[in-house]
Amino acid sequence: MTPTTTARTPEAVARAARLLSRDPDQVRDLPWGTAHAVFDASPELAAVMTREDLDDWLDCSLLHYPVLNAIRGATPVPPQELTRTMTVSGDPRGGYVDGAKVRARLRDGATVVVQNLHEWHRPAREVCRRAAELFEAKAGAVAFWSPPGEAGLRVHRDDGHLFVVQISGTKRWYLYDTPAAPGLWEPGYVEAPDALAQPATVDLRAGQVLYLPDGIAHHTETLDEESVHVTVAVREPALRDIAELAVRACLARVPAHATAAAADREEAVAAVLDDLAAALGRVDRAALARHVTRRSVETRGSR
């Protein structure tokens, strides 16, 4: 693996292999943050959900919008085109997923998105728990169900390391550049995709995993049969969040009722900034790192 993960020892590599791949050699040198990779899914990861689960959720569950939602092109499908009203103890409640409506939207070319699997689907919860521990980061899972010939979102970047697990069908991925630094990109649609280099193409088949580094530009295409995949997103602690934690801890030293009078405001600003800088210099860096890691691992979901 890489120094940015916990897999620096034979034991950690074995843990990564058990979670991610059938073959330890396929994940030992995972190009974390630098390039994409394709490998065979471990039995646990391949079984994170099934195609049959989707039918069960449509027909025999209490899923609500927007836990299940859909998108056609770049446009969200309105909730009334996916849901129905259910009467419970004489009380009509809207927003329940309607299986017939959802299947009709699939036939119309929409992609169905099932959010927050780690919150309510036990296999996904277990996979994400182990991924969070392995990568010392937040982890969450989302499922995508696409009809044949669906072009997917236009070229975009996601903020997180992604492990795409192909459940059924084949998905074609067009992969562009991996940003060299965080300041060079923003999550969301790429405004000038024509300026990117020619993409690499990956046809991801059932039982395979595609690793995508943080921020890589990409778009997808479903081939001649429907595609189901699960994306496990791993989001490492943001530097901005770490800075806010440190500053917040130091602010506890500043009395909440203290003010800066107009006559000496410039001196007050200088003094409080000097005190803040000194307090930041005394922050226990190891303890802060441990706190950030613990909070990331224990937080359910990738955001």
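## Salt bridges, sheet and surface of a predicted model

Asp 91 counts as partly exposed, at 30% relative accessibility; buried means under 20% relative accessible area, exposed over 50%, and partly exposed in between, with a 1.4 Å probe and protein chains only. The model is predicted, so that local features need pLDDT of at least 70 and side-chain atom pairs count only at pLDDT 80 or more, while totals for chains, interfaces and linings use all residues. Residues are numbered from 1 along each chain as its sequence is written, and side-chain values use heavy atoms, with hydrogens and water left out.

Confidence is the next topic. The protein has a mean pLDDT of 90, and 96% of its residues reach 70 or more; pLDDT is the predictor's confidence in each residue, from 0 to 100. Helices (H or I, at least four residues) and strands (E, at least two) are DSSP runs, numbered from the N terminus. Over residues 1-8, pLDDT stays under 50, and for these residues the model has 24 contacts beyond four places in sequence, a contact being heavy atoms within 4.5 Å. Where pLDDT is low, the predicted coordinates should not be read in detail.

The strands may be considered next. An open sheet is formed by eight strands in the order β1-β13-β9-β15-β7-β6-β2-β3, with antiparallel pairing; two strands pair if DSSP finds at least two bridges between them. Strands β1 (37-40) and β3 (75-76) stand at the edges with a single partner strand each, so one side of each is left without a neighbour in the sheet. Strand β2 (residues 68-72) pairs with strand β6 (residues 111-114) in the antiparallel sense over four bridges. Within this pairing, Val 113 in β6 is the bridge partner of Asn 69.

A hairpin leads back to Asp 91. Strand β4 (residues 83-88) and strand β5 (residues 91-97) are paired in the antiparallel sense over five bridges, and Thr 87 has Pro 92 of β5 as its bridge partner. Two residues stand between the strands of this hairpin, where Ser 89 takes a positive phi near 50°. Met 86 is found in strand β4 and counts as buried, at 18% relative accessibility. Not counting residues up to four places away in sequence, Met 86 touches Leu 62, Asp 91, Pro 92, Arg 93 and Tyr 96. The C-alpha atoms of Met 86 and Asp 98 are separated by 9.9 Å, and these residues are 12 apart along the chain. Two of the residues that Met 86 touches, Asp 91 and Arg 93, meet through their side chains in a salt bridge (2.8 Å, N to O). Arg 93 is partly exposed, with a relative accessible area of 47%.

Side chains of opposite charge can pair when their charged atoms come close. A search of the whole structure finds 17 salt bridges, each being a side-chain nitrogen of Lys or Arg within 4 Å of a carboxyl oxygen of Asp or Glu. Asp 55 forms a salt bridge with Arg 51, with the closest N and O atoms 3.0 Å apart. These two residues are four apart in helix α4 (residues 51-59), which means that about one helical turn separates them. Asp 55 is partly exposed at 25% relative accessibility, as is Arg 51 with a relative accessible area of 22%.

A further salt bridge joins Asp 203 and Arg 172, whose closest N and O atoms are 2.7 Å apart. Asp 203 lies in strand β12 and Arg 172 in strand β10, so the pair ties together parts that are 31 residues apart in sequence. Asp 203 is partly exposed, with a relative accessible area of 21%, and Arg 172 is also partly exposed, with 25%.

Beyond four places in sequence, Thr 170 touches Asp 203, Leu 204, Arg 205, Thr 222, Leu 223, Glu 225 and Ser 227.

Leu 251, Val 254, Val 269, Val 272 and Leu 273 form a nonpolar patch with about 390 Å² of accessible area together. Patches are made of residues with over 30% relative accessible area and no salt bridge; like charges are joined within 9 Å, and nonpolar side chains (Val, Leu, Ile, Met, Phe, Trp, Tyr) within 5 Å. Accessible areas come from the Shrake-Rupley method with a 1.4 Å probe, and for residues only the protein chains shown count as cover. Helix α9 (residues 265-281) gives the most to the patch, with three residues. Val 269 lies in this helix and is partly exposed, with a relative accessible area of 42%.
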